[in-house]
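This briefing goes through selected features of one protein model. Keep the sequence and the 3D view open while reading.

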Amino acid sequence: MSKSKPNILLIMTDQQRSDSLGCYNCDAVKSPNLDRLAHEGVLFENCVVSNPICTPSRASIWTGKDLPGHGVMRLYDNLHEDEILFPTYLQQHGYRTALFGKLHVSSMIAESNGRHPHDGFDTYEWCNEACLRMESDQHAYRKWLEVQNPEFCQRMMKLKRDVKDIPRELHLTHWSAQRTIDFIKETGDAPWFACMSVFDPHNPYDCGPQEYMNRIDEEKIPEPIENTLEGRPSAHFRESHEGYLGDFDTFSPEDIREMRRGYYSMMELLDDEVGRVIECLEEQGKLDNTLVIFTSDHGDMMGDHRLMVKGAFFYDACVNVPLIIHWPEKLAPGKKIQPPVQNFDLAATIIQAAGISSEECSKLLPESLNLLDTIANESCAREYVTCRYRNTGIRNGNSYWEPEIQGTMLRDKRWKLCYYHTTDEGELYDMLNDPDELNNQWNNPEFQAEQTRLKKALDTRTSEVEFQRPPRGGENLPLANMLMNNSIK
């Protein structure tokens, strides 16, 4: 067994629900490479995101903090310049670090204008989305595309999301994988951390290569989970009819089926590209001593519960994401972890795997837990996990919700409670007996004790994490003699 520091590869998708891979029991997608990582490694059944929208969730992953800790609450918020992304700590411990693709810890505009001062990357090749902000000097995919195919690059800059059937060899996912492969080959024996971060399977769902669309067996595409909005919080009704993709009732069953077909086709493209990266690690003799982590920032409803994409709701389709950890030198194969974990636990997991002590990690990342401890002993898992929505997303017309939507989810191994602070509405689901979240038990007297217990835990957690936090800038208290002399400034 190698005593050298492990290499670390983080593969991150965008808007991927956990039930979209073969290893998570999806029959519609062939994902042999990611399935292999799961079978040879550890699969987490319940990885819960801190927020169901990109920016706050990603800020949590990269800082190792819950929303109140880093302060990014909404889609267009910017991460404060004093926040530190965990690759910085890897740099300080001898790692060469690289990003290839999406970061999105701040608004698209902020990141296209310049880098965060503490992002921690030696190699920084940024691209949040293939066709947006392509004029930015930060847009590494556009620079690569100008060399590979200048004509196609100009077409994409002009037509943006209207470009369909992007060839695999020019696709952003292919670019991100290829640059990751180049980095692995160039780095040599020094320990490295690389993030291959792609935009797929985010909407629009019809921009991928047609060859991958043709791979999907339409008979295996699952139908949306159907239920009425009756008995659900009013936020669901608002999202269903005013969400940023438009009114749910304007989409036909055929429309939703075609969206799902495109979504799954992007997963097959991704799996092929992940396969190329894994093959490179094997050829370089680095796979055994490389910690590979695969995850996403949030999910996608795809018509379940009469809802589209993501928003002010906490169904598993939106807040439960895949998480696979593969490390042959350290982890026994084939284990599945059922207790829920938080996506911002990845920060502590990664820096401790790199050799940073648990004591130092607790000082640097006090909110993040080492998932390697949970793998070794599931009793180390959190008692509760949470997901917060703080008027985070946008409605149709690209504006935040008015009146605001404020909600929080808390769940343990069995129960999920969702509470909407601004309307005093809620949901309670028995996730063991009702995994599709069809039966809201909020007003069921049979489960009043569970509701009361979870609501108390949610209130306590909210108070500890949000209401009792000190000002981020610290404080300077006036001296007693200053008060006496009326000289407060």
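Predicted model: local features only at pLDDT ≥ 70, side-chain atom pairs only at ≥ 80, totals over all residues.

A disulfide is counted here as a pair of cysteine sulfur atoms within 2.5 Å. In general, a disulfide is a covalent bond between the sulfur atoms of two cysteines.

**Cysteines**

- The structure holds zero disulfides.
- For cysteine 361, the closest cysteine sulfur belongs to cysteine 380 and lies 14 Å away, which is too far for a bond because the cut-off is 2.5 Å.
- Cysteine 361 counts as buried, because its relative accessibility is 2%.
- The sulfur of cysteine 26 has its closest cysteine sulfur in cysteine 23, at 9.7 Å, so this pair is also too far apart for a bond.
- Cysteine 26 has a relative accessibility of 8% and therefore counts as buried.

**The open sheet**

- Strands of a sheet pair through backbone hydrogen bonds, either parallel or antiparallel.
- Here four strands form an open sheet in the order β10-β13-β14-β15, with antiparallel pairing.
- β10 (385-390) and β15 (425-430) are the edge strands, each pairing on one side only.
- On average, neighbouring strands of this sheet are turned by 10° against each other, with direction ignored.
- β10 and β13 run antiparallel and are joined by six bridges; arginine 388 stands opposite threonine 408 in β13.
- β14 (residues 415-420) and β15 also pair in the antiparallel sense, over six bridges; leucine 417 has leucine 428 of β15 as its bridge partner.
- Helix α16 (residues 448-467) packs on the sheet and touches β10, β13 (406-411), β14 and β15. The direction of α16 makes about 60° with that of β14.

- Is β10 enclosed or open to the outside? Six of its six residues are buried, so the strand is largely enclosed by the rest of the structure.
- In a regular strand the side chains alternate between the two faces of the sheet.
- Both faces of β10 are covered: the buried residues are Val385, Cys387 and Tyr389 on one side, and Thr386, Arg388 and Arg390 on the other.
- Helix α10 (residues 234-242) has Ala235, His236, Arg238, Glu239 and Ser240 buried. Their cover includes β10, β14 and β15.

**Helices packed against α11**

- Two packed helices are described by the angle between their axes and the distance between the axes.
- Helix α8 (residues 172-187) packs with α11 at an angle of about 5°, and their axes are 9 Å apart. The two helices are therefore roughly parallel to each other.
- On the α8 side, the contact residues include Thr173, His174, Ala177 and Ile181; on the α11 side, they include Leu269, Glu273, Arg276 and Cys280.
- The contact of α8 with α11 has eight nonpolar, four polar and three charged residues.
- The axes of helix α1 (residues 32-40) and helix α11 (residues 253-283) come within 7 Å and cross at roughly 55°. α1 and α11 are therefore oblique to each other.
- The contact of α1 with α11 uses Pro32, Asn33, Leu34, Arg36 and Leu37 of α1, and residues of α11 including Asp271, Asp272, Val274 and Glu282.
- By class, the contact of α1 with α11 divides into six nonpolar, two polar and four charged residues.
- Leu270 of α11 takes part in the contact with α1 and in the contact with α8.

Definitions and conventions
Residues numbered from 1 in each chain as written. Heavy atoms only, no water. Axes fitted to C-alpha atoms, helices over the stretch in contact; angles between N-to-C directions. Parallel < 35°, antiparallel > 145°, perpendicular 65-115°, else oblique. Contact = heavy atoms within 4.5 Å. Nonpolar A, V, L, I, M, F, W, Y, C, P; charged D, E, K, R; others polar. Pairing = 2+ DSSP bridges. Buried < 20%, exposed > 50% of the residue type's maximum accessible area, 1.4 Å probe, protein only.
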